[in-house]
Amino acid sequence: MHMADSTSTPLLSESHSADSEPPLIPKHLPVPSLDETLERYIGDFGWAQLFQAFLVSFAWVFDAQQTFISVFTDAELSRHCTELCASVSAVCRLPKGSWSWDRAAETSIVSEWNLARADYFIKSLPASSFFIESMVGGLLLATLADSSLGRKNMLLLSCLLMSAAGILTIFSPNHWIYSGLRFVSGFGRATLGTCALVLTTELVGKRCRGQVGVIGFFLFTLGFLTLPVIAYLNRDSSWRYIYLWTSVPALLYSFLVIFFVWESPRWLMVRGRKEEAVATLKSIGDVKINSSFSDLMVFEEKEEISTNLNLFSAISILLEKRWAMQRLSAVWEWSTMACR
């Protein structure tokens, strides 16, 4: 009996150790990308993602309004002679007091600040300042959404700058202050559309990103179409009311961004803020995520994103890539010809 027990013990130990060994795992299994991992937990598209897509993309409405608002606020009104004149075209040659505006002077900055006889450069300065600073702001702020601020905070900052500049424009005492505030507004809205588009598409699966991205362009068109309606309703009032009815809603929308918009879980994971990413995914997908997800490391994605964390990388690419400068020059030439 003693010999039987002694001989059977090694067999039992060997069997137990064999069962306790972990199964062999192939070493060359493909590592899932970060997008594939996120889709596994939140799916391609859902009601929560649809709500987020419309809420984030609604920023395009205010972007369109501030972009084209100068068409109505900076318009040159028609005039008529108060004294005998040969033709309507001769009105501009008559001395002041011999002609009058067809509408109230405060309906446009041209009539309110007596810019009818000013140089073309002076009259077009507000619109030019807006678009020039949009280009400069795009170069300087392009990488903040990837590096330090994130998509949500960059969207919030753009909305706050644009709406605040629009509200301050209401109190402009002269043409130069007005042009300076349009300069600030253009700088603020430079990255608004880009941040809204990226944040919207990163909250859904790859298969639905094309359809979701169209929502922003649809709402941009909606904002463009609502602007003439606002201008028509205020056609006999001061041009300042147009800024009031477009800037205050944009400021209120900024508060909605603070409380109801989620940060991109993809950006949170890349930046190492895994707990916040898990919380966001639970809110989107309403699923249980195990603790192993918070330890997820996707080396390919990190290497891809880490090269874009330089604040001035957009400017360096513009200088290094010859095609980028050529394309920018072509766009600048086209926009200059279109404004003539």
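Predicted model: local features only at pLDDT ≥ 70, side-chain atom pairs only at ≥ 80, totals over all residues.

Me: Which residues of α12 are buried?
Reply: Buried means under 20% relative accessible area. In α12 that picks out V212, G213, I215, G216, L219, G223, L227, I230 and A231.

Me: What covers the buried residues of α12?
Reply: Several helices take part. Among them are α3 (47–57), α4 (59–68) and α5 (70–73). The cover also includes α11 (192–202) and α13.

Me: Is Y253 buried or exposed?
Reply: Y253 is found in helix α13. The cut-off for buried is under 20% relative accessible area. Y253 has 3% relative accessibility, so Y253 counts as buried.

Me: Which backbone oxygen does the side chain of Y253 reach?
Reply: Look beyond the neighbours within four places in sequence. There, Y253 is in contact with L55, V56, F58, A59, F62, L155 and C159. At 3.1 Å, the side chain of Y253 reaches the backbone oxygen of V56.

Me: Which residues is S163 in contact with, leaving aside neighbours within four places in sequence?
Reply: S163 has 1% relative accessibility, so it counts as buried. Contact means heavy atoms within 4.5 Å. By that test, S163 touches S247, A250, L251 and S254.

Me: Why does F259 count as exposed?
Reply: F259 is found in helix α13. Exposed means over 50% relative accessible area. F259 counts as exposed because its relative accessibility is 63%.

Me: Which helix gives the most to the nonpolar patch?
Reply: The patch is on the surface and is formed by F51, L252, F255, L256, I258, F259 and F260. Together they have about 730 Å² of accessible area. The top contributor, with 6 residues, is helix α13 (residues 240–260).

Me: What share of the accessible surface of the protein belongs to carbon and sulfur atoms?
Reply: The protein has 18 helices and 2 strands. Its accessible surface comes to about 19,500 Å². The share of that surface belonging to carbon and sulfur atoms is 66%.

Me: What percentage of the residues in the protein are buried?
Reply: The protein has 340 residues. The buried share is 41%.

Methods:
Residues numbered from 1 in each chain as written. Heavy atoms only, no water. Patch = residues over 30% accessible without salt bridge, like charges linked within 9 Å, V, L, I, M, F, W, Y side chains within 5 Å. Areas by Shrake-Rupley, 256 points an atom, 1.4 Å probe, with all protein chains shown as cover. Salt bridge = Lys/Arg side-chain N within 4 Å of Asp/Glu carboxyl O. Helix = DSSP H or I, 4+ residues; strand = E, 2+ residues; numbered from the N terminus. Buried < 20%, exposed > 50% of the residue type's maximum accessible area, 1.4 Å probe, protein only. Polar contact = N/O pair within 3.5 Å; in protein donor to acceptor, adjacent residues only side chain to side chain.
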